[in-house]
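Hi,

Here is the structure I promised to send over. Have a look at it first, and then read on for my notes.

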Amino acid sequence: MGYVNLDYAASAPCLRSVLDAVAALLPWYSSVHRGAGFASTVTTELYAAARQEVADFVGARAEDTVVFTRNTTDALNLLAAALPEDTTVVMFASEHHANQLPWRRGRSVVLPVPASADEAIARADGALRGACSRHRLLAVTGASNVTGELWPLPELAAVAHRHGARLAVDAAQLAPHRAIALAGIGADYVALSGHKLYAPFGGGVLVGRGDWLDAARPYLAGGGAVRRVTHDGVEWANGAPRHEAGTPNVVGAVSLAAACRALSEVGMSAVAAHEASLLDRVTRGLCAVPGVERLAMWGPESPRIGVVTFNVRGLHPGAVAAALSAEHGIGVRDGSFCAHPLMTALAGDHAPEASGSAAVPLAVRASFGVGTSAADIDRFLFAIADLVARGPRWRYRLDGGRHVPDPDPRPRPALAGLLAGGAAGAALGPLASQLAPCQASL
């Protein structure tokens, strides 16, 4: 029984082509910029090529700046630090925490979770019309990390620009599933993560208009971000180097670019079609299981990526996730998905909650992508139906708020000796295939 990964929305598996690109890079790896050695020259050229590849993938304009970051959270914090002082940021309560918390440090307006895409457009229009500051930014997600629902980005961009505002898109969930074109959408900034785009090597990116970035203080102060340093002064660089101080994560940048190229070669329309077929399959299957309640902002028929979030009546989400993993070899996510206000709005009065004084509604999330097959979905649906009909077969206990098997007989891999008591790969026993590394092929 192989392992079925249905947790793509948290971190997608590494594409084989990405792993190959990293393996090819490592013998040449060196520090970028100003190095006289040939390895440094090659690495510097690769870093520049990666920047262009990512720019092409998101449809960046010629004048846009591409700043490599650690992830989407880092990218949005960078943009938040670069906002002009008199900027008002308009956002929705439905956003991931990464697209809420950075903006709260300044002047911000948090709109309630909209009941429809049309309401989102209308509320954004009203909030931007009422903002009296000179600079305004509308910050929205491209696709909800909780429900997978797609946001009306072109319409929101048009609203923002009509009021002299800019649009920043959290594309962490959108980028692995749909084509992005900054100019076509009308977005001014886009942020995304490599680890959600089949390149889990610590890279992310912020792409967008350079004027605010060039006028802002460097995100990090240090080498590489300067033109000249004197005893009592500094002349900062412009463009991407201004915010990329220190030795950059070249491996992360190259792996992100390799993922972008692989997806572009296959075509994002093919990715979307594959995903739509799986989404239809899992949706119809869950509807046939009694007691399964799906979460949605705008109704079950709203367009969405490969994300399905639900609860099973009578079973705690943590228990469902634990049983899927331990008894069926299926990895999903349970919790509040770094979107507490949205979960509170969606869950209703009887949703399971985390324990403690800061109780937050919980659910189970299954998410998928290019490496997911119809057989994976069928196995997941069988497992859910089995759980509903018979309940968990194993015994579980709470450990730090998490449901864990008691006892847990699954051996861990050695992984270079980092896991104490881990078994070598050849000695994993009958669960070896379940625990083996899972990579998506593309």
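Let me start with Tyr198, which sits in the loop between strand 7 (189-193) and strand 8 (204-208). Keep in mind as you go that this is a predicted model. Tyr198 isn't a glycine, yet its phi is positive, near 65 degrees. Tyr198 is also buried, with a relative accessible area of 1%.

Phe337 is another non-glycine residue with a positive phi, this one about 60 degrees. You'll find Phe337 in the loop between strand 14 (333-335) and helix 11 (340-347). Its relative accessible area is 8%, so Phe337 counts as buried, the cut-off being under 20%.

While you're checking the backbone, go to Asp406 and Pro407: the peptide bond joining them is cis, with omega about 0 degrees. Pro407 belongs to the loop between strand 17 (402-405) and helix 13 (432-435).

Helix 8 (residues 250-266) packs against helix 2 (residues 38-57) at an angle of about 40 degrees, and the two axes are 8 Å apart. That angle makes helix 2 and helix 8 oblique to each other. On the helix 2 side, the contact is made by Thr43, Leu46, Tyr47, Ala50, Glu53, Val54 and Phe57. Helix 8 answers with Val250, Ala253, Val254, Leu256, Ala257, Cys260, Arg261, Leu263 and Ser264. As for handedness, helix 2 passes helix 8 in a left-handed crossing.

Helix 1 (residues 16-25) meets helix 8 as well: their axes come within 9 Å and cross at roughly 140 degrees. Helix 1 is therefore oblique to helix 8. From helix 1, the residues making the contact are Ser17, Val18, Ala21, Val22 and Leu25. From helix 8 they are Val250, Val251, Val254, Ser255, Ala258, Ala259 and Ala262. The crossing of helix 1 and helix 8 is right-handed.

Back in helix 2, take a look at Ser40. Ser40 is buried, at 4% relative accessibility. Setting aside residues up to four places away in sequence, Ser40 touches Ser30, Ser31, Val32, His33 and Gly35.

How many disulfides are there? The count comes to 0. For Cys260, the closest cysteine sulfur is in Cys14, and at 13 Å it is too far for a bond. A pair would have to be within 2.5 Å to count. Both cysteines are tucked away: Cys260 is buried with a relative accessible area of 0%, and Cys14 is buried with 9%.

Which of its residues are buried? They are Leu153, Leu156, Ala157, Val159 and Ala160. Looking down the axis of helix 5, these buried residues fall within an arc of 160 degrees, so they line one face of the helix. What covers the buried residues of helix 5 includes helix 4 (117-130), strand 5 (135-141), strand 6 (166-170) and helix 6 (182-185). After helix 5 comes Gly164, which has a positive phi, near 70 degrees.

Last stop is the loop between strand 6 and helix 6, where I picked out two residues. The loop holds His177, which is buried with a relative accessible area of 5%. His177 and His274 are 97 residues apart in sequence, but their C-alpha atoms are 9.9 Å apart in space. Leaving out neighbours within four places in sequence, His177 is in contact with Met268, Val271, Ala272, Glu275, Ile305, Gly306 and Phe368.

Ile180 lies in that loop between strand 6 and helix 6 too, and Ile180 is buried, with a relative accessible area of 8%.

Cheers

Conventions: Residues numbered from 1 in each chain as written. Predicted model: local features only at pLDDT ≥ 70, side-chain atom pairs only at ≥ 80, totals over all residues. Heavy atoms only, no water. Buried < 20%, exposed > 50% of the residue type's maximum accessible area, 1.4 Å probe, protein only. Helix = DSSP H or I, 4+ residues; strand = E, 2+ residues; numbered from the N terminus. Arc of directions from axis to C-beta. Contact = heavy atoms within 4.5 Å. Axes fitted to C-alpha atoms, helices over the stretch in contact; angles between N-to-C directions. Parallel < 35°, antiparallel > 145°, perpendicular 65-115°, else oblique. Left-handed = near helix turned anticlockwise from the far one by under 90°.
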